[in-house]
Amino acid sequence: MKNRMNFPPSWEKLAARVQDPAGFWSDIASEFYWREKWGQQVYFENLDIRKGKIQIEWFKGGMTNICYNCLDRNIESGNGDKIAIYWEGNEPGLDSSLTYNQLLARVCQLANYLKDIGVRKGDAVVIYLPMLMELPIAMLACARIGAVHSVVFAGFSAESLAQRIMDCRPKVVITCNAVMRGSKIIYLKEIVDRALMESAQNGINTDVCLTYENESAMKKEMTKWIKGRDIWWQDVIPKYPVTCDVEWVDAEDPLFLLYTSGSTGKPKGVLHTTGGYMVYTATTFKYAFDYKPTDIYWCTADCGWITGHSYVTYGPLLNGATVVIFEGAPSYPDAGRCWDIVDKFKVSIFYTAPTLVRSLMREGDEHVSRYSRKSLRVLGSVGEPINPSAWRWFFNVVGDARCPISDTWWQTETGGFMITPLPGAWPQKPGSATFPFFGVQPVIVDEKGVEIEGECSGYLCVKSSWPGAFRTLYGDHERYEATYFSAFPGYYFSGDGCSRDKDGYCWLTGRVDDVINVSGHRIGTAEVESALVSHPQCAEAAVVGVEHEVKGQGIYAFVTLVEGVPYSDDLRKSLVMVVRNQIGAFAAPDKIHWAPGLPKTRSGKIMRRILRKIASRQLDELGDTSTLADPTVVDQLIALADC
């Protein structure tokens, strides 16, 4: 994918080095601590399924430890007393912090306990925790002893958690008794109990459930308990030594498993290894956010998702950064909570999802303007393409038109940013992820897998490996090859569509399974959503395809209006006209479905699977709605189906 870049002088050398991937990444990797350096071959790759087994290796033979590089190395360089984590609780005023010295001590205590109960290198540990400091502590403790952590987002149902437990067979599950999310209490330990019971019924037994008492949500004595299996964190962990030997691992040894939903019912266990992931997440964090040692960084993502792995825990800590972790709901007790936290901790880099941006935009500018936000220097967007109107609001209102936005494209599978602006490197275009990161070689191909040059639209692939790439799907390499490498042999297929404009800027158009084929016209749902949201009375939109007897597929749009705006046929016509005007008559929605809210997980992800079922009236096939932040939204949408 050809770029037109104008790098600041400090980045010129990096940009020039990317023609030699081995030398480029070897130089960067050498800045980290390695017990033993890798061999003469920096990387090995085969991305062509026609040539045999798909295989990616970086820095193989090199011995290192990511926890050591996150903590010990920073302490040894004189940053032991620097704040590593600021923690903000659900209730305003409930907060805490840990220096790098304190964080290392807490990590070592948990690591020693895990070793004591028999957790060894290569063993799996499932972590089902909310955004307490104990979550990154648990991740780092596993990494320190070479165990493989699998963080499960603490919004998943017992059934979903059980699926993951049965797949990776952990030695221990780490959780807490409960958590407050806004004014709502969520009984996490009871969910874990049901999951462990279900997995046991399927022959997978877990002997230890280490439970943290989150006393602000629930007291010990109110917690259901299974004697012999359940252990209180506070009763045992503080008794262990605050130093723990490091388990040195090969760069290609597994670091973590993170399960993503697949097109089939079974979740995919994305496996990331240690060395390449370490180098890639640290480097992408450093440059995509123009990180400086004085920055205070806040990513609103949960560690149950890849963003929380790469850009809450590992990427920032590898750079010695100070990270803000927030346990609560972003609109609790009111829509100004995010900016209150920004001012409180003097946050300079703020990284969030377009869904949150749009929901806060809907609440009104006054919730933003009453806070200073003068500390903000760089903004970031992650998770989906951000529509231009939300981008402009984020830039103009939140950032006072002075903070560049790093609109990042990447995936669970890529480990880190692939296409992203670099602050100050080139002019930004609202809604565009701009250009590839150093050394990344994305291409746009047509349906036959032929690379397309210049201004075009097609399928986004990557033609060469990068250090942060996942290595396989746990226990199912065949599915790994079929899902990601068979559609376009010789390339990693991202599953996303992409357009490139005349200036070389990349515009992500959403998942190709979110592309609607209307009378032979391929229309990205993100493109239609962006047009709808540009209407001044539309706060949010989600578009799905439905069967159409004439056009093959029709466009079905769920639309959330700005607060106080009434539903009307005139407004419905006006919304359709906006799409006709911005994209063309072929893209006009066949149906506008009023939506007081959209079905979202607690992390803000829209559950389009549910929307497709509602649109096609397959109401008996809605499936599991337990992970939704507000399950009642589904009933509201069904009630408004014919309005």
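**Before selecting anything**

The model is predicted, and local features need pLDDT of at least 70, side-chain atom pairs count only at pLDDT 80 or more, and totals for chains, interfaces and linings use all residues. Residues are numbered from 1 along each chain as its sequence is written, and side-chain values use heavy atoms, with hydrogens and water left out.

Colour the chain by pLDDT, the predictor's confidence in each residue, from 0 to 100. The average for the protein chain is 92, and 96% of the residues score at least 70. Then select residues 1–5, where the pLDDT is below 50. Beyond near neighbours in sequence, this stretch has 19 contacts in the model, a contact being heavy atoms within 4.5 Å. Where pLDDT is low, the predicted coordinates should not be read in detail.

Helices (H or I, at least four residues) and strands (E, at least two) are DSSP runs, numbered from the N terminus. Two strands pair if DSSP finds at least two bridges between them.

Display the open sheet whose 7 strands follow the order β5-β4-β17-β16-β18-β19-β20, with mixed pairing. At its edges stand β5 (95–99) and β20 (405–407); each has a single partner strand, so one side of each is left without a neighbour in the sheet. From one strand to the next, the twist averages 15 degrees.

Now select β16 (residues 296–299) together with β18 (residues 349–352): these strands run parallel and are joined by 3 bridges.

Move to the open sheet with the order β21-β22-β24-β25, in which the pairing is antiparallel. Its edge strands, β21 (442–445) and β25 (506–511), each pair on one side only. The twist here averages 45 degrees from one strand to the next.

Within this sheet, 4 bridges join β21 to β22 (residues 456–462), and the two run antiparallel.

Two packed helices are described by the angle between their axes and the distance between the axes. Axes are lines fitted to C-alpha atoms, for helices over the stretch in contact, and angles run from 0 to 180 degrees between N-to-C directions. Angles under 35 degrees count as roughly parallel, over 145 as roughly antiparallel, 65 to 115 as roughly perpendicular and the rest as oblique. A crossing is left-handed if the near helix is turned anticlockwise from the far one by less than a right angle, and right-handed if clockwise. For residue classes, Ala, Val, Leu, Ile, Met, Phe, Trp, Tyr, Cys and Pro count as nonpolar, Asp, Glu, Lys and Arg as charged, and the others, Gly among them, as polar.

*α3 and α4.* Select residues 66–79 (α3) and 100–116 (α4), which pack at an angle of about 145 degrees with their axes 10 Å apart. The crossing of α3 past α4 is left-handed. On α3, show C67, C70, L71, D72, N74, I75 and N79; they meet Y100, N101, L103, L104 and V107 of α4. This contact comprises 8 nonpolar, 3 polar and 1 charged residues.

*α6 and α7.* Next select residues 158–168 (α6) and 188–201 (α7), packed at about 50 degrees with axes 8 Å apart. The two helices are therefore oblique to each other, and α6 passes α7 in a right-handed crossing. The contact involves A158, E159, L161, A162, I165 and M166 of α6, and I191, V192, R194, A195, L196, E198 and S199 of α7. By class there are 9 nonpolar, 1 polar and 3 charged residues.

*α18 and α19.* Finally, take residues 608–615 (α18) and 632–639 (α19), whose axes come within 10 Å and cross at roughly 25 degrees. That angle makes α18 roughly parallel to α19. The crossing is right-handed. Here I610, L611 and I614 of α18 meet V634, L637 and I638 of α19, giving 6 nonpolar, no polar and no charged residues.

**Last stop: two backbone details**

Select F59, in the loop between β2 (55–58) and β3 (63–64). Its phi is near 60 degrees, a positive value in a residue other than glycine.

Then go to P333, in the loop between β17 (322–326) and α11 (337–345). A cis peptide bond, with omega about 0 degrees, joins Y332 and P333.
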